[in-house]
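Here are my notes on the model, point by point. Please read them with the structure open.

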Amino acid sequence: MSGAGKKIVDVAKKASKGIDWDGMAKLLVSEEARKEFSSLRRAFDEVNSTLQTKFSMEPEPIDWEYYRKGIGPRVVDMYKEAYDNIQVPKYVDTVTPQFKPKFDALLVELKEAEQNSLKETERLDKEIAEVQELKRKISTMTANEYFEKHPELKKKFDEEIRNDYWGY
């Protein structure tokens with residue numbers, strides 16, 4: 001296996017091991033998101049499989065003797081010499097260094113967005129619990145009980161009554 005091919009296969013293996021597909025799937029809420037996620041996972045698996053099979057295979061050695069018998073030694077020797085003289089240029093990666101800083105910056109931004117999202121989720125969960133409790137108790141709740149939980153509304157209503165403002 002060539003050096004570049006081996007490196008690609010190693011990177012693909014590491015990438016596939018580092019992804020928690022099931023954990024991410026549990027976070028999805030809508031059916032559309034699940035479909036998109038499933039499509040992304042299939043595409044990733046296809047690319048990963050292609051990389052592992054295509055670049056991990058060694059080419060079969062050429063049986064020059066077989067061709068010498070069938071075609072003739074002069075032509076086969078000419079092809080063998082040309083084949084042996086082929087110089088495959090070594091791949092120099094100029095793209096990764098360009099995008100590595102941008103990718104690292106995006107990872108930092110992603111972590112921040114994740115933390116903000118977790119905080120917002122926690123806040124919304126509390127708010128949902130409060131609304132559900134209010135919904136459960138609203139039929140038997142008195143105005144004083146409601147105003148105990150929402151003193152800013154009591155202040156507003158008291159001010160409107162004091163100023164003789166009745167909303168019209």
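1. Which residues line the second largest pocket? They are M24, L27, L110, E114, S117 and L118. A pocket is an open set of points on a 1 Å grid over the protein atoms alone, where a 1.4 Å probe fits, with protein on both sides within 12 Å along at least five of seven lines; lining residues have an atom within 4 Å of a point.

2. Before going on, the ground rules. This is a predicted model, in which local features need pLDDT of at least 70 and side-chain atom pairs count only at pLDDT 80 or more, while totals for chains, interfaces and linings use all residues. Residues are numbered from 1 along each chain as its sequence is written, and side-chain values use heavy atoms, with hydrogens and water left out.

3. Back to the second largest pocket. Its volume is about 310 Å³. That volume is the space filled by probe spheres set on the grid points, which are joined across faces, edges and corners. The lining splits into 4 nonpolar residues, 1 polar and 1 charged. Here Ala, Val, Leu, Ile, Met, Phe, Trp, Tyr, Cys and Pro are nonpolar, Asp, Glu, Lys and Arg are charged, and the others, Gly among them, are polar.

4. Helix 2 (21-27) and helix 6 (95-137) each supply at least two residues of that lining. Helix 6 gives the most, with 4 residues. Helices (H or I, at least four residues) and strands (E, at least two) are DSSP runs numbered from the N terminus.

5. Of the 168 residues, 7% count as buried. Buried means under 20% relative accessible area, exposed over 50%, and partly exposed in between (1.4 Å probe, protein chains only).

6. UniProt, in an unreviewed entry, places a "coiled-coil region" at residues 107-144. Such annotations may be inferred rather than shown by experiment, and the positions follow the numbering used here, with feature names shortened. In the model, this span is 87% helix and 0% strand. The end C-alpha atoms of residues 107-144 lie 50 Å apart.

7. I62 sits in the loop between helix 3 (31-56) and helix 4 (64-70). Neighbours within four places in sequence aside, I62 is in contact (heavy atoms within 4.5 Å) with Y67 and Y83. I62 and K80 are 18 residues apart in sequence and 9.2 Å apart in space, C-alpha to C-alpha.

8. Y79 belongs to helix 5 (residues 73-84). Y79 counts as exposed, because its relative accessibility is 54%. Its C-alpha atom is separated by 9.5 Å from that of W64, 15 residues away along the chain.
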